[in-house]
Structures are given as structure tokens and as C-alpha cells.
Amino acid sequence: MKKMIALGFEGSANKIGVGVVTLDGTILSNPRHTYITPPGHGFLPRETAQHHLQHVLPLIKAALKTAEITPDDIDCLCYTKGPGMGAPLQVSAIVVRVLSQLWKKPIVAVNHCVAHIEMGRIVTGADDPVVLYVSGGNTQVIAYSEGRYRIFGETIDIAVGNCLDRFARVLTLSNDPSPGYNIEQLAKKGEQFIDLPYVVKGMDVSFSGILSFIEATAEEKLKNNECTPADLCYSLQETLFAMLVEITERAMAHCDTKDVLIVGGVGCNERLQEMMRIMCSERGGKLFATDDRYCIDNGAMIAYTGLLAYAHGASTPLEESTFTQRFRTDEVEAIWRIKEESSKVNGVEDASG
């Protein structure tokens, strides 16, 4: 019996990725290309979209070649509907519409956040963990309940990755391979801890005030040689990550769950993983995390999540294959999880009966 195969496109931020995946989670190919700007600069929507347009066709060819498949082998085409930056998102949406008509294949629109979660679950084997989703554009604590991924807590202003990226610009750190990675490496050399605001509001967190404070601190203390850039990076990481561990632990207590899965680009950070692992072990649980192949935005996560939905009867009509910059995690009906749940319940009933 032929395995179902999906081709997925991710282009919600500064990475354009194309992935080929089978329904059992086997990744046949997963090439991507990152738009890297000069130190001290972020990435703007128009230039990012131009980068994606330039690289998407070579990536499609590379993905098909590495996976050793032709368009005839593909069951569905999946793309990131949102959330993300408008112009970059538009590239994937247009490419998928064109290929759908050329190759006569159905389309599946995918929520970027849910794709991170499903990729994390299949790669790590985590069953039903509390999820900490941390990236350049998102910061959420999530758990699955009654057919949807529910948001228990989130940032009320900027995302944790955005906070780190913007501070990297203040220090004019390189954006290659990413500003967050370079902050992490510098933080390892930090020796002096500088007190920063710690802003947890119930289940939510706030990062914009911390960023303003550390920007002002950097200007003053670096000028007077009172600390090093490494000290500031170390202090910023420790403070931000302590806040994230706190709200994650609170969600675990609420859900009576011992395991945590970290997803999203900031989830690659080894210090964040270490802090979360200590907290999980103290609660008798386990941390599930992945490396940069799967933490960072990629086409395979979109292909896999879209294929899960497609295998359960979902697809997106061509006229509805749009994109949206705001697409909440809890707006998605996770039909594959509902089926998974009912089969578990039936399995228990069968075993006891």
C-alpha cells in the first residue's frame, strides 16, 4: 500500500522552507533558506518576500530530488496560512495555488503554531505534554483539551524571540545563523548578573519593558565599563527564561501534566532547555525538545500537519487558500487528535471488556 505524501511550504518569517513528509512522520526532504540581514538590522516584509520568491523554486526542485519523488507521488500540498508577516506569507499561498492547478492536487492550509507542536510530538514521541511555544513572533503556553490546543498563557506584548533579536541589534551582533543563537553563545561567557524587571502577570508575561530597561542599561553600563555585553546577554536570558519556566510550571499544575515539550525557534536554546529540564525533573516529569532542524521554521512541519488533517478529510478550497497575519492556535480544530483520543478510549474499553 502506497504511503500518503505531502509537500509543505513554510514562509511566515525570514525562512522559506519546503518539506516532503509521509503520514508516519518520515521526513523525506526538508531544505530551507534563511534571509540574513546585516548586523544591527531586522528583516522587513517586502525584502523578505523577495528573498522567498527568489529561493522557492530551487527549494521545490531540491525537495523533490532529495525525496526521490515526482509531483505524481504527492497526495496534497500544504502551506502556512498564518500567523506571520503578510508579504512573506503571500509567497507560499501563491505558489501553492499555482502548483495545485498545474499538478491537480488538493490544498491544505496549516496553522504555523499547531505545525510546530505536531512536529515536536512526532519527532520527540511526546504524547500529551504542556507545550511552551517560543519564537520570534510567538510566546504561548499551550495544552490540548477537547479537540483544540488551548492557550493557557502568552505574552501580552512582544514575543521572547523578538526581545532577544532586538537586543542583539543593540549590541550589533551578527544575524548569522540567527541573533538569538549569537546571544546564547555570548551569554555563556557572562559572569555578572544584572537585575532586570521580572514581569509575570498571572499566566501571562510581558517583555517590552525588560527590553527598554536593558537597552538603557546597556547604553549606560557599557559606556562606563561597568559590565560586558556577555553579562547583559547572560542576565537577559536568565530573567526571560525564569519567567517562561514559571508560567509553564503553573500550567502543568493546572493540567496535572508532568511532561513539557518546547517548540519554536527559541526552543533550540540549550540554557532554556536546561532550566526547563530541571523543573520537569523536580516534578517527576520529562522535558521533550528538538534541535534546530525541527525547532526552527521548516517545510516538513507544515507538510506533516497538513497531511494529518488531509488524512482525516480536511482540505482547503482554492478560493479559500488565503493567508492571515493573525491566526490563533486555539482557532484550529485538531481533528486528528479527536480521532486519536477516541481510539485510545475505545482501546481501553476493549481491553477492559
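Trainee: Which side chain does D297 join in a polar contact of 3.2 Å?

Mentor: This is a predicted model, in which local features need pLDDT of at least 70 and side-chain atom pairs count only at pLDDT 80 or more, while totals for chains, interfaces and linings use all residues. Residues are numbered from 1 along each chain as its sequence is written, and side-chain values use heavy atoms, with hydrogens and water left out. A polar contact is a pair of N or O atoms within 3.5 Å, where within protein one must be able to donate a hydrogen and the other to accept it, and residues adjacent in sequence count only if both atoms are side-chain atoms. At 3.2 Å, the partner of the D297 side chain is the side chain of H112.

Trainee: Is D297 buried or exposed?

Mentor: D297 is found in the loop between α9 (292-295) and α10 (299-311), where helices (H or I, at least four residues) and strands (E, at least two) are DSSP runs numbered from the N terminus. Buried means under 20% relative accessible area, exposed over 50% and partly exposed in between, with a 1.4 Å probe and protein chains only. Because its relative accessibility is 12%, D297 counts as buried.

Trainee: At which residues does UniProt place the feature "binding site"?

Mentor: The record is an unreviewed entry, its positions are given in the numbering used here, with feature names shortened, and its annotations may be inferred rather than shown by experiment. The UniProt entry places this feature at H112, H116, Y133 and D297. Although these are spread over 186 residues of sequence, they cluster in space, and their largest C-alpha distance is 12.2 Å.

Trainee: What does Y133 touch, and which residue does its side chain join in a polar contact of 3.1 Å?

Mentor: Y133 lies in strand β7 (residues 130-134) and, with a relative accessibility of 0%, counts as buried. Contact means heavy atoms within 4.5 Å, and, not counting residues up to four places away in sequence, Y133 touches H112, C113, H116, N138, T139, Q140, I142, V263 and G264. The polar contact of 3.1 Å joins its side chain to that of N138.

Trainee: Which residue in β8 is the bridge partner of Y133?

Mentor: Two strands pair if DSSP finds at least two bridges between them, and four bridges join β7 to β8, which run antiparallel. In β8, the bridge partner of Y133 is Q140.

Trainee: Which strands are the edges of the open sheet?

Mentor: Five strands form this sheet in the order β9-β8-β7-β12-β13, with mixed pairing. Each edge strand pairs on one side only, and these strands are β9 and β13 (287-288).

Trainee: Which backbone oxygen lies 2.9 Å from a polar atom of the N175 side chain?

Mentor: N175 is placed in the loop between α4 (160-170) and α5 (179-187), and because its relative accessibility is 9%, N175 counts as buried. Leaving out residues up to four places away in sequence, N175 touches I36, T37, P38, P39, H41 and N182. The backbone oxygen at 2.9 Å is that of H41.
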